[in-house]
Amino acid sequence: MSLLTLDSVCKSFGSTRIINDVSLDIEAGEKHAIIGPNGAGKSTLFHLISGRYNVSSGTIGFQGKAIHNLPPYEIARRGIARSFQVTNIFPRMSVFENIRCALLWSEGYRYSFWKLLGRQKLLNDKAFDILEQIGLSDKAQLPSGELAYAQQRALELGVAVASGAELIMLDEPVAGMSNSEAENAVALIRRITEGKTLIMVEHDMNIVFDIADRISVLVYGEIIATDTPENIRGNARVQEAYLGEVPSDA
Amino acid sequence: MAEVFVFATLNGLVTGLLLFMLASGLTLIFSMMGVLNFAHASFYMLGAYFAYTLSTFIGFWGGLLIAPLIVGCIGAAIERFGLRRVHQSGHVAELVFTFGLAFLIEEAVQFFWGRDTKNYQSPELFDFALFSLFGQEFSAYRGFMIAIACLIFAGLYFILTRSRVGIIIQASISHPQTVANLGHNVPLIFMCVFGVGTALAGVAGVIAGPVLTTFPGMATVLGSIVFVVVVIGGLGSLPGALIASLLVGLLQSYAIAADVGMPELLNLFGVSFDSSHPLDDLWTLNLPQIAPVLPYLLLVLVLIFKPTGLMGNREQ
Amino acid sequence: MKKQLPVWLGFALALIVLPQIFDSVLGISILNQMTIWIIFALSYNMLLGQGGMLSFGHAVYFGLGGFMSVHALNLIADEIIVFSITLIPLVGGAVGLIAAVFIGSFSTRKSGTVFAMISLGIGELIVASSLIFADFFGGEAGVTGDRTYGPPFFGIEFLQDAEVYYLGAFWLFVATLFMYLFTQTPAGRMANAVRDNPERAEFIGYSTRRVRFISFCAAGLFAGVAGGLFAINYEFITEENLNALTSGRVLLMAYIGGLGFFIGPIVGAVILTLMNSLLSNYSEMWMLYLGIMFLLTVLFLPRGFAGFIMMHQTAWQNHRLGMLILPYLITAIPLSLFLAGFVGLIELSHKGDDILPFFGLSLGADSMLSWGVLLTLAGTGALGVKLSRPRLNAAWAAANTVAKDADGDAQ
């Protein structure tokens, strides 16, 4: 059974249809990329899966259970985490606190107002581990709003994966980064999504071909192709619809 | 019974239209700038006070003409030098700023004019009864109030929907960025809208001052009700504000006029309590006593069951 | 926490020592007021500074707690129920909590402006109802009680204000401690997260509504505790203590002190209590000054007085704080002149026929010379401030130049 199943999902805003009859199956452990021209509806698709928007029709199932139209926190608790295209962290809290907050629910702390966080050794150690993984250990006490852009993106990633979610969705994780920064980011993404399922929206074809097991192409709210990278590269419809920077050699 | 109903309706109409004069400016400012101007009723107060002072020199009509202009200029200046600066610190800062402004204006009024109630007279021209029904008179001044209010609204409506300026303003409400890109000076528009909105509140003060009394607490008295009206009608909706203003105005007017006690009302439903019941206070109420509570009760109910208000569409 | 032990010990020490220093009747009275308002302001900041929820109706929980506490005092005096009045703040807290649970159940559904409006509406509703439920609220006259009829607490019958102070100081310490500890818990931290980014908070598994509800209830509880202390201190409470003015006052305190810091409301409460008690003796216009000060704070010191102090942190870390002393002094002198002149002008406008004593001079409203002196003073001061600004700005920039490490990153 697939980990994530989208079945005839449609989404309209008023009379404008943004997502049109999208069906998709994502297998556990798969690294799946979603590409497509700007305005195709990729972020909207993410919002539908992660619970920010309700579907107009169709169903979304995760681990066999329906998750469409559930509130975002419910979906997050079931093991789906996401990052955002525009950095979406807690700017007035320290880098360390950002990660620690992301860990709280999965570590079982719920809404406790009687446990002092300073005393929670396991939790704090775990947070520091994640900080090390994303390379921000030395910035732990800085307010996250003061980080440089690439570092904020790294933190964004850290917050997304901290909870140990089974399905990780990254929305243009390397947008706005220089080549070297992007390289580091990709290595980071590989590391932290090892053994997990990844859905990634990305424009940079090098990265897409590097990481993805399969690629879906979204154009005007419809998936016109879902296949392995090589087949997508050769797909005439894709080439026609999306003149991206497809390199001649991967 | 009939004359009670007629007069209550007319008085409710006066109150409602007055409320709308305030609520419309508030809604306009909120729609455009996202700022809920806590100090809006303070401009209403300033209008009354300026008109009072001017009327001692150049009569009521001079006051009616000039006072709103002064208030509008002050409003524009506050937008330009205060609000615009605070805008970048976020909505909370804006609300707190307008809150502080309301506080400061009340203190300033007491500073410049003193704490006593001012003898602000309505013009002698209207010192007659417009009509009398079953022995009760309806003062011409109240009729004048209704007339002025309707005139202003008609004018506003035409300006907003038929004139070029109005179209630009309407566009700026929903798409300030686009309007700016078209070459219009959006900050200037904001300043003017704020000025006009506050001037409108000032007009309300000018004509209401003689009737609702001119004293330093007049802003607080009306201020919270105006907010109630705006929220009930739906933040950002002018038609909603109109409906809500009339609703609240009429509701209060009927409640005060219908000197019906709770026991009688309950008796209608076949319920009666003896006086030793613990909630005795509640059951021995009469409607006029409840009247001040009604708008807030309505507010809470609306916020629970339909938080966007009766006709609201814009959520913060 | 270990690093902060000295701070808490210092706090406790200060609480014990202060009444010995300021032992006049006025001094003790002011200290008593401070204990009440500090707790109230800190409770408000749980909503605004830590939770991002702007409320215009927080006095409701303070007032309800206070009313129930005065009734409790009367029940104790009538020996219907008997417990030490030292526990009255708990009564207030319980009532504040219950009210917050009830009201929070629907009001925390929304945030931002709508939440603020709901809080205002509820506040007005309760104030308006207070005149109806005259039994509980005592109508316009309010409710009075007597704290001295309770069972003695180790021999103390709380006849003296000083005795009441130590009770208040105890509750102040306890309440502050608990409110601080709350910020260190998951609920407290998530409140910060929800404040910063409610959307992201949901995506890490938390219902923003629930988080806000918990903060709301905690804030109501501590506001009620402050109300209980109020009841003990004044033995009298009216519907004024529930109304928008009181809510506004605590908002002022938190804001002027600085929303973003835990000690901010403490600073604000101290400043405002002092202004209220001391300034009102010297000038009828003190509320006007308060209003001006508040507005200026919102415009120019959005992080409050605590924020202003914390702004110097970088300079302190760079050991360059000394660079600022001279420029501050140079600006302070004309600033003081301006303030003196400005205040003088306002005071003189209201003296009527009286004489205004002004630093040894006697100024009269009818004397052109008097006005001239004040205007010159204010004008010179303003000019001096304007001239000294560039120097201050330069010194500030220099003091805040952050030393960079080898990577070029800020240290």
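**Chatting through a predicted three-chain model**

Q: Is A:V55 buried, exposed or in between, and why?
A: A:V55 counts as partly exposed, because it has 19 C-beta neighbours inside 10 Å. Buried takes 20 or more other C-beta atoms within 10 Å of a residue's own, exposed takes 12 or fewer, and partly exposed is in between, with C-beta atoms placed from the backbone.

Q: What kind of model is this, and how are things numbered?
A: This is a predicted model, where local features need pLDDT of at least 70, side-chain atom pairs count only at pLDDT 80 or more, and totals for chains, interfaces and linings use all residues. Residues are numbered from 1 along each chain as its sequence is written, while chains are lettered from A and ligands numbered from 1 in the order in which they are written.

Q: OK, where does A:V55 sit?
A: In the loop between α1 and β4 (57-62) of chain A. Helices (H or I, at least four residues) and strands (E, at least two) are DSSP runs, numbered from the N terminus.

Q: And what does A:V55 touch?
A: Leaving out residues up to four places away in sequence, A:V55 touches A:V9, A:C10, A:K11, A:L48, A:I60, A:H68 and A:N69. Contact here puts the C-beta atoms, placed from the backbone, within 7 Å. A:V9 is 46 residues from A:V55 along the chain, with 6.7 Å between their C-alpha atoms.

Q: Switching topic: what's the strand order in the open sheet of chain A?
A: The 6 strands run β6-β7-β8-β3-β9-β10, with mixed pairing. Strands pair if DSSP finds at least two bridges between them.

Q: Which strands are at the edges?
A: β6 (80-82) and β10 (222-227) of chain A; each has a single partner strand, so one side of each is left without a neighbour in the sheet. β10(A) pairs with β9 (214-219) of chain A in the antiparallel sense over 5 bridges, and A:L218 has A:I223 in β10(A) as its bridge partner.

Q: Now the chains: how many residues are in contact between B and C?
A: 36 residues of chain B are in contact with 32 of chain C. On the chain B side, α3(B) gives the most, with 14 residues. That side divides into 26 nonpolar, 7 polar and 3 charged. Nonpolar covers Ala, Val, Leu, Ile, Met, Phe, Trp, Tyr, Cys and Pro; charged covers Asp, Glu, Lys and Arg; the others, Gly among them, are polar.

Q: What about C and A?
A: There, 25 residues of chain C are in contact with 29 of chain A. α8(C) gives the most to the chain C side, with 8 residues.

Definitions and conventions
Two residues are in contact if their C-beta atoms, placed from the backbone, lie within 7 Å.
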